[in-house]
Amino acid sequence: MSEPTARLRVPPHGSSVAATRSFVAETLSAHGLSDLADDATLAVAELVTNAVLHARTEVEVVVDVEPTTVRVTVRDDDRTLPVLRDFGSEATTGRGLAIVQALAADVGALTTRRGKAVWFTLDRVPTQPGSPEDRTGLPTVPSPPAPRRSVAVLEDLPVALWQEARRHEEAALRELVLVRGDQLPETVDAWTWFSDATTAHADLDAAVEHALTAARPGPDGDPPATLRVEVPVTDDLARRTAQLLSTLDEAEALAAAGTMLMGPARAELVALRTWRCDEVVTQAAGGAATPWPGAAPRGADRPR
């Protein structure tokens, strides 16, 4: 008979995410609970990824099989508790914890003598999931309002193409973490590229979401085909946006070489993200806005 508690310790590397997914799936299978594996492995991957990115210490994953629930706990040596921020669907930050809360019956976090433990439970017998308001294991704080400063204008942004590009870019950023995780030295500075890229991506997407909310829908209730988007140029957004473009270009090169699980982006998506980022950087430096000129063939010069 399988033991009710199983443990695995892994280093703070990108490869540890896949290792913990396999560990959790195999543990559940040994207890005849393979039906919970999809939700459990997705949730534990989010928590371990957060630990790898932010704690950067050794990570312990504990699976407790209880009579009515399965509890999965992720421990690290950083005492900073995670916070589920109220950024909404447009943000990159905080989305991993939102995924865990959507999947789990319960979720929480606490400090320990050495660091912290973040846990979630899954019901062994399916039950009606509670509303998000019922899950209070993680604190929620509102995002602070952005200071009013100059703006960069994205003229004629194609909405449908942006939605497709957004999904591809989010997947590329997350997968690049895992690809690069084993190659980076274990220092804080080695991960600044990730923070810069993802926060810039969130800022740009939040501006588009705001413009979408304010825009009048079409006759059939569909969103407009194009938008005029004002992006607040706050803090060092231009530098972070340049890092975002560089990071996505790197992910694109790795995808084209077959190093990534995902395939390369379509030429239209590459052209749109390049124009989007270049517009912010150029206008932050005092340049004029250039409307979206349409897709450029792969290998062509960046649209300007």
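## Helix α7

Helix α7 is largely enclosed by the rest of the structure, because 13 of its 18 residues are buried. Please keep in mind as you explore that this is a predicted model.

The helix covers residues 267-284. After α7 comes Gly 286, which has a positive phi, near 105 degrees.

## Helix α2

Now let us turn to another helix. Helix α2 takes in residues 37-55. Here 14 of the 19 residues are buried, so α2 too is largely enclosed by the rest of the structure.

Arg 56 follows α2, and its phi is positive, near 55 degrees.

Strand β6 is made of residues 116-123. Seven of its eight residues are buried, so this strand is largely enclosed by the rest of the structure. In a regular strand, side chains alternate between the two faces of the sheet.

One partner of β6 is strand β3, residues 69-76, and the two pair in the antiparallel sense over eight bridges. You can find this pairing by looking for Val 70, which stands opposite Leu 122 in β6.

Strand β5, residues 106-111, also pairs with β6 in the antiparallel sense, over six bridges. β5 and β6 form a hairpin, with four residues between them. Thr 111 has Lys 116 in β6 as its bridge partner.

## A closer look at Leu 244

Leu 244 sits in helix α6, which runs over residues 237-256. Its relative accessibility is 0%, and since buried means under 20%, Leu 244 counts as buried.

Which residues does Leu 244 touch, leaving aside those up to four places away in sequence? They are Leu 173, Ala 197, Ala 200, His 201 and Cys 277. Take Leu 173 as an example: Leu 244 and Leu 173 are 71 residues apart in sequence, while their C-alpha atoms are 9.1 Å apart in space.

Technical notes
Residues are numbered from 1 along each chain as its sequence is written. This is a predicted model: local features need pLDDT of at least 70, side-chain atom pairs count only at pLDDT 80 or more; totals for chains, interfaces and linings use all residues. Side-chain values use heavy atoms; hydrogens and water are left out. The expected span of a helix is 1.5 Å times one less than its number of residues. Buried means under 20% relative accessible area, exposed over 50%, partly exposed in between (1.4 Å probe, protein chains only). Two strands pair if DSSP finds at least two bridges between them. Contact means heavy atoms within 4.5 Å.
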